[in-house]
Amino acid sequence: MEYTTLGSTGMEVSSLCLGCMSFGSSEWQPWVLDEEESREIIERAIDLGINFFDTANVYSSGKSEEILGNVLAEYDRDEQVVATKAFLPPEEDPHPNATGLSRKTIEQELANSLDRLGMETVDLYQIHRWDYETPIEETLRALDDAVRRGQTRYIGASSMWTYQFADALHTSDRLDLERFATMQNHYNLVYREEEREMLPFCEREGIGVMPWSPLAGGYLTRPHDELDATTRGETDKYIDRLPYRDGGGPAVNERVAELAADHGVTMAQIALAWLLHKEWVTTPIVGTTSVEHLEDAVEALEIDLSDSDIEYLEEPYEPLPVAGHE
Ligand SMILES: NC(=O)c1ccc[n+]([C@@H]2O[C@H](COP(=O)([O-])OP(=O)(O)OC[C@H]3O[C@@H](n4cnc5c(N)ncnc54)[C@H](OP(=O)(O)O)[C@@H]3O)[C@@H](O)[C@H]2O)c1
């Protein structure tokens, strides 16, 4: 495994982060694994040297955090980097203050997440989206207090407009509060809108970039007319709303297949290798329900793409409407 520094922090993370949205309960989403099956993937990830895990309070209504915490409890906590998030409304027991980024919600949700994880501290606490209802000053003061209390070591943000992220960083600097250290954004070969502003901005500000859905939720792992061939492809309503099949998506997918055949590797490995060649990416968050696919992802770290391979993969892309946040 290769390790890299997370943005301008001093913390070292594996060059792949394990996404834990697929762990929890099939009652939440039909493709989600239960504890026993999830354990196998998390343990294999640790064997392979992955030290960075991303979950959220809403994944399987908290069960993902519980499972991750149960498995990691059997290992040395010092060796792990654990990230979770708040903001989105829970599907079970929703109440007005279960969602958003007010001081009340952040304090409650962080305490609940730590409880489920069975940890006193997470390494990275992220806001899942921008909260249009709460002033960013309130959110940042609550997050800064959480750092001072030792409940999280760093804070991070996820999909939002670049002007919002710039506003947040500027507010932290103005008020001398903890700054967001990371951006978890939507970025892959068939969704590259983040290259316009967010990624160059993150590079300038020394922000660690951890793209979500690096394989476009599976679209880049098989021929485009076979997206529905897996339970997730068939049932994940969220992927259906993302514009992967529009614009140049199918042509990019075909070129991924062509290069995979040329290099003798899988489509997933080519799509991931492309992302790993992008200097502004720190660590993609891979999501999988299969040990074999996890091993594929780790092998992708060794794939060398030439400049002409990269140009060939990128060429059919056409601008898309912004997707993944509002
Ligand atoms: N911040 C946010 O708003 C946000 C949004 C979405 C996700 N996330 C984070 O990002 C993580 C990853 O998201 P994602 O699951 O959408 O990521 P993804 O890696 O783009 O897609 C995962 C899909 O690709 C398939 N896949 C992976 N490797 C494969 C291989 N080698 N061959 C064939 N198929 C393969 C998986 O199927 P198998 O299960 O069969 O391997 C799964 O269906 C999540 O776990 C979560 O932590 C964050």
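Q: Are Trp28 and Tyr59 buried or exposed?
A: First, what we are looking at. This is a predicted model, where local features need pLDDT of at least 70, side-chain atom pairs count only at pLDDT 80 or more, and totals for chains, interfaces and linings use all residues. Residues are numbered from 1 along each chain as its sequence is written, and side-chain values use heavy atoms, with hydrogens and water left out. Now the general idea: buried means under 20% relative accessible area, exposed over 50%, and partly exposed in between, using a 1.4 Å probe and protein chains only. Trp28 and Tyr59 are both buried.

Q: How many aromatic pairs are there?
A: Rings of Phe, Tyr and Trp (its six-membered ring) pair if their centres lie within 6.5 Å; planes under 30 degrees apart count as stacked, over 60 as edge-to-face and the rest as tilted. By that rule there are six aromatic pairs. One of them joins Trp28 and Tyr59, with centres 6.1 Å apart and planes at 50°, so it is tilted.

Q: Where in the chain do Trp28 and Tyr59 sit?
A: Elements come from DSSP runs: helices (H or I) have at least four residues, strands (E) at least two, and both are numbered from the N terminus. Trp28 is in the loop between strand S3 (17–19) and helix H1 (35–47). Tyr59 is in the loop between strand S4 (52–54) and helix H2 (63–72). The two are 31 residues apart, and the pair links distant parts of the chain.

Q: What kind of pair do Tyr187 and Trp274 form?
A: Their pair is tilted, at 5.5 Å centre to centre and 55° between the planes. Tyr187 lies in the loop between strand S8 (180–184) and helix H6 (198–205), and Trp274 lies in helix H10 (residues 267–276), so the pair ties together parts 87 residues apart in sequence. Why is Tyr187 called buried? Its relative accessible area is 0%. Trp274 is also buried, with a value of 0%.

Q: Which residues form one aromatic cluster?
A: Phe165, Phe180 and Phe201 do.

Q: Which ring does the charged end of Arg232 sit over?
A: A charge sits over a ring if NZ of Lys or CZ of Arg is within 6 Å of the ring centre and within 35 degrees of the ring normal. Arg232 has its charged end over the ring of Trp31, 4.3 Å from the centre. Arg192 lies over the face of Tyr317, 4.9 Å from the ring centre.

Q: Which residues come nearest to the ligand?
A: A residue is near a molecule or strand if one of its heavy atoms lies within 4 Å of it. Around the ligand there are 27 residues, and Ser213, Arg232, Thr288, Thr289 and His293 come nearest.

Q: Where is Ser102, and what does its side chain reach?
A: Ser102 is in the loop between strand S5 (81–86) and helix H3 (103–117). Ser102 is buried, at 16% relative accessible area. Its side chain reaches the backbone nitrogen of Thr105 at 3.0 Å.

How values were computed:
Polar contact = N/O pair within 3.5 Å; in protein donor to acceptor, adjacent residues only side chain to side chain.
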